[in-house]
Amino acid sequence: MPSKKWSFRLPDLLNILIAVMLLLIPFSVSAAEKLKIITTTSDLKSLVQAVTGTLADVTAIASPTQDQEAFQPRPADILRLKNAKMVVRVGLDYDLWLGRLLQEAGNPELLPGGQGYVDASMGIA
């Protein structure tokens, strides 16, 4: 079964970047301590890195060669989420596996509605 290829329009990408920038404002990060941000895909990782530059350490849970919808998380992914300040997901039922991971990580900031939770699909019709 071929994997889905997601394409974003420029306004959608700008909305994602603006949302990430606004979410970074409340976080105080010293020069020695980078903000730990986890994304569900390598595409989102690239976008977040473009916005944060050297202020954040951005990690994608799934590699670009994996089928995102059939992805099987590893125990190390739970640890990454437990120590992260922000998670950025595609949403739109593309990365449904993330909900269970967030619950297992037990980091309340990363749960839906939390300060560090970003669903890139919000506002997309």
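I started at glycine 91, which sits in the loop between S3 and H4. Helices here are DSSP runs of H or I with at least four residues, strands are runs of E with at least two, and both are numbered from the N terminus. The model is predicted, so I note that local features need pLDDT of at least 70, side-chain atom pairs count only at pLDDT 80 or more, and totals for chains, interfaces and linings use all residues. Residues are numbered from 1 along each chain as its sequence is written, and side-chain values use heavy atoms, with hydrogens and water left out.

**Entry 1: glycine 91**

I looked up the exposure of glycine 91 and found a relative accessible area of 4%, so this residue is buried. Buried means under 20% relative accessible area, exposed means over 50%, and partly exposed lies in between, with a 1.4 Å probe and protein chains only. Leaving out residues up to four places away in sequence, glycine 91 touches Asp119 and Ser121. Contact is taken as heavy atoms within 4.5 Å. I also checked methionine 122: its C-alpha is 7.8 Å from that of glycine 91, and the two are 31 residues apart in sequence.

**Entry 2: the chain**

I counted four helices and four strands in the chain. Read from the N terminus, the elements go α-β-α-β-α-β-α-β. Of the 125 residues, 38% are buried. Taking contacts between residues at least 6 apart in sequence, I find that 56% join residues at least 24 apart.

**Entry 3: the sheet**

In which order do the strands of the open sheet stand? The order is S2-S1-S3-S4, with parallel pairing. Direction ignored, neighbouring strands are turned by 20° against each other on average. Two strands count as paired if DSSP finds at least two bridges between them.

I then went through the pairs. S1 (residues 35–39) and S2 run parallel and are joined by five bridges. In this pair, leucine 35 has alanine 56 of S2 as its bridge partner, and isoleucine 38 is opposite threonine 59. S1 and S3 are joined by three bridges, with isoleucine 38 opposite valine 87 of S3. S3 and S4 also run parallel, through three bridges, and valine 87 faces tyrosine 117 of S4.

For cover, I noted that four of the five residues of S1 are buried. S3 is covered on both faces: Met86 and Val88 are buried on one side, Val87 and Arg89 on the other.

**Entry 4: threonine 41**

Threonine 41 is in the loop between S1 and H2. Its relative accessible area is 6%, so threonine 41 is buried. The side chain of threonine 41 comes to 3.2 Å from the backbone nitrogen of leucine 44. With neighbours within four places in sequence set aside, threonine 41 contacts Ala60, Ala62, Gln68, Val90 and Tyr94.

**Entry 5: the cores**

I looked for nonpolar cores, meaning sets of buried Ala, Val, Leu, Ile, Met, Phe, Trp, Tyr and Cys residues joined through side-chain atoms within 4.5 Å. The largest has 15 residues, and Ile61, Leu81, Val87, Leu98, Leu101 and Leu102 have the most contacts inside it. H3 and H4 are the elements that give two or more residues to this core. H4 gives the most, with five residues.

A second, separate core has 14 residues, among them Ile16, Ile37, Val90 and Ala120.

**Entry 6: aromatic rings**

How many aromatic pairs does a search of the whole structure find? The search gives one. Rings of Phe, Tyr and Trp (its six-membered ring) pair if their centres lie within 6.5 Å; planes under 30 degrees apart are stacked, over 60 edge-to-face, and the rest tilted. The ring centres of phenylalanine 71 and tryptophan 97 are 4.6 Å apart with planes at 55°, so this pair is tilted. Phenylalanine 71 is in the loop between strand S2 (56–60) and helix H3 (75–83), and tryptophan 97 is in helix H4 (residues 97–105), so the pair ties together parts 26 residues apart in sequence. Phenylalanine 71 and tryptophan 97 are both buried.

Technical notes. Axes are lines fitted to C-alpha atoms, for helices over the stretch in contact, and angles run from 0 to 180 degrees between N-to-C directions. A polar contact is a pair of N or O atoms within 3.5 Å; within protein, one must be able to donate a hydrogen and the other to accept it, and residues adjacent in sequence count only if both atoms are side-chain atoms.
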